[in-house]
Amino acid sequence: MRILVVEDEKRLADALTQIMREQKYTVDAVYDGEDGYQYALTGDYDAVVLDVMLPKRDGYEVVRALRREKIATPVLMLTARDELESKIAGLDCGADDYMTKPFAPEELTARIRALTRRQGEVLLEELSFEDTALELGTGDLRCGQKRVHLSFKEFEVMRLLMLSQNAIVPKEQLIVKVWGPESDAEDNNVEAYISFLRKKLFFIGSKITIQTVRKLGYRLGTEQDA
Ligand code: CA
């Protein structure tokens, strides 16, 4: 099994190499995105461990370029940020999995094993509530056979609601997280997006509803308890 490590923090690259050599993998390490791309382009690897923040070309760009060249080698992205946003960005651009730094060596080897097992498949993770799923990779909202694509802000609002499941999400929190703390978005903007989402939920025949909790915010529920 041959693994390519692309990581500009030399000490981390050495540690990764060491961990994987102990698992009897053959490992090559390179230290910037351009070399990472060129090495991975050979198609000689069973998996690529790819840092996001890299000199010359960042990790997202490298994966995108590889997928354009039809290189399907599984890619595990390393990100310093524990943010779902970077996970979505990574999966969106064609990575197969992602891992947040710092991580335990066992986690790395477990993920490499999983990745090389499911080679060729694309992993799309999703959030779900009742009969409806939000696909993080495609940005689609799905219920049974029906699906609808969400705009970026609709997606963000739905994601926050789904992450909270039945709990109330305060309106201010939606504004800060979706529009940003500096934005001048107002309640009306949120109302508008909630109403778009309600239409889309209705369109796909979902039984979930977005309930308005007066003066507090919104939460997901089902028709029965609406
Ligand atoms: Ca880096």
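Is K215 buried or exposed? K215 is exposed, at a relative accessible area of 75%; here buried means under 20%, exposed over 50%, and partly exposed in between, using a 1.4 Å probe on protein chains only.

A quick note on the views: this is a predicted model, where local features need pLDDT of at least 70, side-chain atom pairs count only at pLDDT 80 or more, and totals for chains, interfaces and linings use all residues. Residues are numbered from 1 along each chain as its sequence is written, and side-chain values use heavy atoms, with hydrogens and water left out.

View 1. You'll find K215 in the loop between β11 (208-213) and β12 (217-222). Strands like these are DSSP runs of E with at least two residues, while helices are runs of H or I with at least four, and both are numbered from the N terminus. Most residues other than glycine have a negative phi.

**View 2. A cis peptide bond joins K101 and P102.** Its omega is about -5 degrees. P102 belongs to the loop between β5 (97-100) and α5 (105-117). For background, most peptide bonds are trans.

**View 3. D8, D51 and M53 hold a calcium ion.** Donors are N, O and S atoms within 2.8 Å of the metal (3.2 Å for Na, K and Ca), and sites may look incomplete because water is not among the atoms. Along the sequence, the donor spacing reads D-x42-D-x1-M. D8 comes from the loop between β1 (2-6) and α1 (10-22), and M53 from the loop between β3 (47-51) and α3 (59-68), so this pair ties together parts 45 residues apart in sequence. D8 is partly exposed at 32%, whereas M53 is exposed at 58%.

**View 4. E126 and R142 meet in a salt bridge.** A salt bridge means a side-chain nitrogen of Lys or Arg within 4 Å of a carboxyl oxygen of Asp or Glu, and that rule gives a count of 19. For E126 and R142, N to O is 2.9 Å. E126 lies in strand β6 (residues 126-129) and R142 in strand β8 (residues 140-143), so the pair links parts 16 residues apart in sequence. Both are partly exposed: E126 at 38% and R142 at 22%. D140 and R147 pair up as well, at 2.9 Å; D140 is buried at 12%, while R147 is partly exposed at 39%.

**View 5. K200 reaches E154 through a salt bridge.** Here N to O is 2.8 Å. K200 is in helix α8 (residues 187-203) and E154 in helix α6 (residues 152-164), 46 residues apart. E154 is buried, with a relative accessible area of 6%.

**View 6. Helix α6 packs against helix α7 (residues 171-179).** Their axes are 10 Å apart and the angle is about 135 degrees. Contact (heavy atoms within 4.5 Å) involves K153, E156, V157 and L160 of α6, plus L174, K177, V178 and W179 of α7.

How values were computed: Axes are lines fitted to C-alpha atoms, for helices over the stretch in contact, and angles run from 0 to 180 degrees between N-to-C directions.
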